[in-house]
There are 2 protein chains.
Amino acid sequence: MNFTIQNVLIPQAEGYATVDVEIEGDRISGIASHLEVVGTAVDGQNKLLLPGFINAHTHSSEMWHRGLIPMLPLELWLAALYDITPLDPEQVYLSALGTAVETILSGGTSVVDHLVLIPGKELETIAAAVKAYREIGIRAFVAPLVQDESFAAGVPSGGSEKNYAAYFRSTAATLELIETAVKQFHRPDEGVYILVAPTGIQLSTDALFEGCIELSERYDLCRHSHLLETLAQQLLAQEKYGCSAVEHLKEIGYLSHKTSLAHCVWLNDSDIEILAQTQSTVVHNPLSNLRLGSGIAPILKYRQAGVNVTFGCDGASSNDSQDLLEAIKIGSILHNTTDRDYHHWITPLQAVEMASKGGAIGLNLGDELGAIAVGQKADLVLYNLTNLSLLPRTDPIGLLILGRPTQVVHSVWIDGKQIVADGKVKTINVDGLRQELFSRSQWYNNLQFPSVSPMEERYRTVMGLPDKSSV
Amino acid sequence: MNFTIQNVLIPQAEGYATVDVEIEGDRISGIASHLEVVGTAVDGQNKLLLPGFINAHTHSSEMWHRGLIPMLPLELWLAALYDITPLDPEQVYLSALGTAVETILSGGTSVVDHLVLIPGKELETIAAAVKAYREIGIRAFVAPLVQDESFAAGVPSGGSEKNYAAYFRSTAATLELIETAVKQFHRPDEGVYILVAPTGIQLSTDALFEGCIELSERYDLCRHSHLLETLAQQLLAQEKYGCSAVEHLKEIGYLSHKTSLAHCVWLNDSDIEILAQTQSTVVHNPLSNLRLGSGIAPILKYRQAGVNVTFGCDGASSNDSQDLLEAIKIGSILHNTTDRDYHHWITPLQAVEMASKGGAIGLNLGDELGAIAVGQKADLVLYNLTNLSLLPRTDPIGLLILGRPTQVVHSVWIDGKQIVADGKVKTINVDGLRQELFSRSQWYNNLQFPSVSPMEERYRTVMGLPDKSSV
């Protein structure tokens, strides 16, 4: 489809310009103050056009348990999540749709889904998520979450004996599974990308990372992983490698310009230097880092060191929303408390660039995605500036990023195709989805999580917290 | 109006109950699993009933400049605000309406408006805000913001000479103004309350505080103030008093069970003990504290010391929204990063209690406002749990507080009167307000703030920041 958005505000290095933006096929083909209309004319008056944001780290199926897990740190929160996790592929399909809807209606056009696989139904899980993303039309980066060590290995031993059960699937079988997924689902030309994505150093052997590197090179895949989300993981890395997790990942060759790393809360200055050297991307998940008490990632230091940073919502059981504008707002202003010099603070315009171009760079698409410029992919979001939550009129991007916009997304195009028109998703039946999510769920009344308590003693000891019974 | 909400979920100490809630006049008159309908029957099925929240600190007229002010710390942000502040009473009326709409549609039923007064039109300013709040029907605590020292006195001198112009109005005239406002507008029985509210120690003499205490006692008024929002204010207090601001306010008698104090970021342990002893209330404004880089208030310490804490949005130029659910979410989870022991973290149910009963206590209405209980004032909010942003169904309060709810407020009653029905404000024309806000404003293109630069040198020196030219 060709179309021309007329008289629309776009940001410039300083301030705004009112322009026409012409799209032919899947690309922006012209930007000027007056263009002859090509294809459909779209009224851009009183609207702001931005490149689509990238929800650069989430776990879509966690939507089934959002709002439910008590206030716990990651390691115990995971135990609680395991208590309630059994899902089926149909649920995965629905939560992928739900994640995509919330992402799109908060300005996102791409999602990186670090997808939790149903044991024994791994390929069906991936197929269900891919089906959902194709139907709604979001640019989808599906990163099957794999590990090859058992859950208990993810908490530092603190010197106690390590004697964990083997993981139920071998490393070789896991790598084979990823390769099958690549062959079946990796279709960059159609907007579906498979990533290699070990969950992180806490539950992965070097053999798994190395196998993923090999697949990444053979099939030109991006790489993804959690990295140093918690202090416990920093301690675990020292136990496991005798060096920092970043040093180890560099040594085995996992870090690269097509590697994006979620969280990155517990890095030291020399780790930061390694991320800059290797051109790795940090995916900042501020809300999840707060909810789980993981800490405040040193985002201003990353930016000063030249490390590319972008934003993710993280899974909806640790946020508990998939609203990108919320993640971008908090992921910007949170850091004003970490550096007294306001010249280093992230401006709203910089936040927009981090969320769009920053995300594209981390997915090795920085040349063609994430900006309003001729030749770029037409992943575009048109915001309605007459919405009450963006009034009175002041600075459009300031209002969008620092405010709390509600229902401000007017139109969305992804790869040149219209996904949202007049505030409504056109490609799927959102009300039908709402009814499915309602009918397949229940309100819990004081639900208990039996797996948490047995892990608490070890966790509290390792983390130097007072004995549970004394609290 | 009498009415009975049937089959509605309400929270209990553990989990939820499904009940009927009966309201006669302005009070809750019955709660039981089945009640005979009194007055209108309201369908509560698939809905959650909570006490209304209190937006316990804001400056309504800042709505005119939200999204506009660059990323600056409070002292320089104020200089920027002064560059763009001239308003007229009609604007004050409209921004008070806008503030009330956003507060109500995010679960609030009361607002504490620390109202910036137009010089020379002080009573007109108050009249305009009161008119707006009466029209929409929100419970309104109007706290005319007063000072008796000039703007420059608010930044520490760092040893340089203090030679500031006198403030344009005398302390006596200011106290007289407040007394006139009390006589004209203070009508607790009609839901309009005047508070005494010096802006804070940074711009107020002891004479102003003492005059306010006297008025507070004579007319039974609550007391409000900013307190130690920034490190600069902590330094200033030491310069001014030779002790902490809290010690000084205690000494002059400003702290009491009817005193609420906004921000409270830079208090030490002995200050916290004083707040507990005096039964003062802390109003936590997390988003503004992040946006201005003021710091992270020690909220978990306050709670452990027995200090009452509630939430505010703060003015919309430093947030830049009036969404209470956002303030409550961030004001809860932010503190998980400040204490490794998750047993101290604020749960969603505790956050609800802080936002409702906590706010009422700070306004000396703890006996009759802020809970779902027989005899309490009927300031009630009914949430629609079938909204997509609250699905799948899990834990209703977890979803509401930890998620990012959008358009979930179904009905609101304040003092027993219905303000919102089926998601729409019934008492004012919201679309007309939207059009007024649009037509009376403009998009700025790269606006400059001339007052900031002259203040930067002193600010940077006092705060130990590198010279501006070297940045």
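**View 1. The two copies in the predicted model, chain A and chain B, superpose with an RMSD of 0.0 Å****.**

**View 2. Helix α1 (residues 74–84) of chain A packs with helix α15 (residues 452–462) of chain A****.** Helices are DSSP runs of H or I with at least four residues, strands are runs of E with at least two, and both are numbered from the N terminus. The angle is about 165° and the axes are 9 Å apart; axes are lines fitted to C-alpha atoms, for helices over the stretch in contact, and angles run from 0 to 180 degrees between N-to-C directions. This angle makes α1(A) roughly antiparallel to α15(A) (over 145 degrees). Residues A:E75, A:L76, A:A79, A:A80 and A:D83 of α1(A) meet A:V452, A:M455, A:E456 and A:Y459 of α15(A). The residues of this contact comprise six nonpolar, no polar and three charged; Ala, Val, Leu, Ile, Met, Phe, Trp, Tyr, Cys and Pro count as nonpolar, Asp, Glu, Lys and Arg as charged, and the others, Gly among them, as polar.

**View 3. Helix α2 (residues 89–104) of chain A packs with helix α14 (residues 430–439) of chain A****.** Here the angle is about 130°, with the axes 10 Å apart. From α2(A), residues A:L94, A:L97, A:G98 and A:V101 meet A:V430, A:L433, A:E436 and A:L437 from α14(A). By class, this contact has six nonpolar, one polar and one charged residues.

**View 4. UniProt lists residues 49–418 of chain A as "domain: Amidohydrolase-related" in an unreviewed entry****.** The span is 39% helix and 16% strand, and its end C-alpha atoms lie 14 Å apart.

**Notes.** Residues are numbered from 1 along each chain as its sequence is written, and chains are lettered from A in the order in which they are written. In this predicted model, local features need pLDDT of at least 70, side-chain atom pairs count only at pLDDT 80 or more, and totals for chains, interfaces and linings use all residues, while side-chain values use heavy atoms, with hydrogens and water left out.

Technical notes. Parallel < 35°, antiparallel > 145°, perpendicular 65-115°, else oblique. Contact = heavy atoms within 4.5 Å. Least-squares fit on C-alpha atoms with pLDDT ≥ 70 in both. UniProt positions renumbered as here; feature names shortened; annotations may be inferred.
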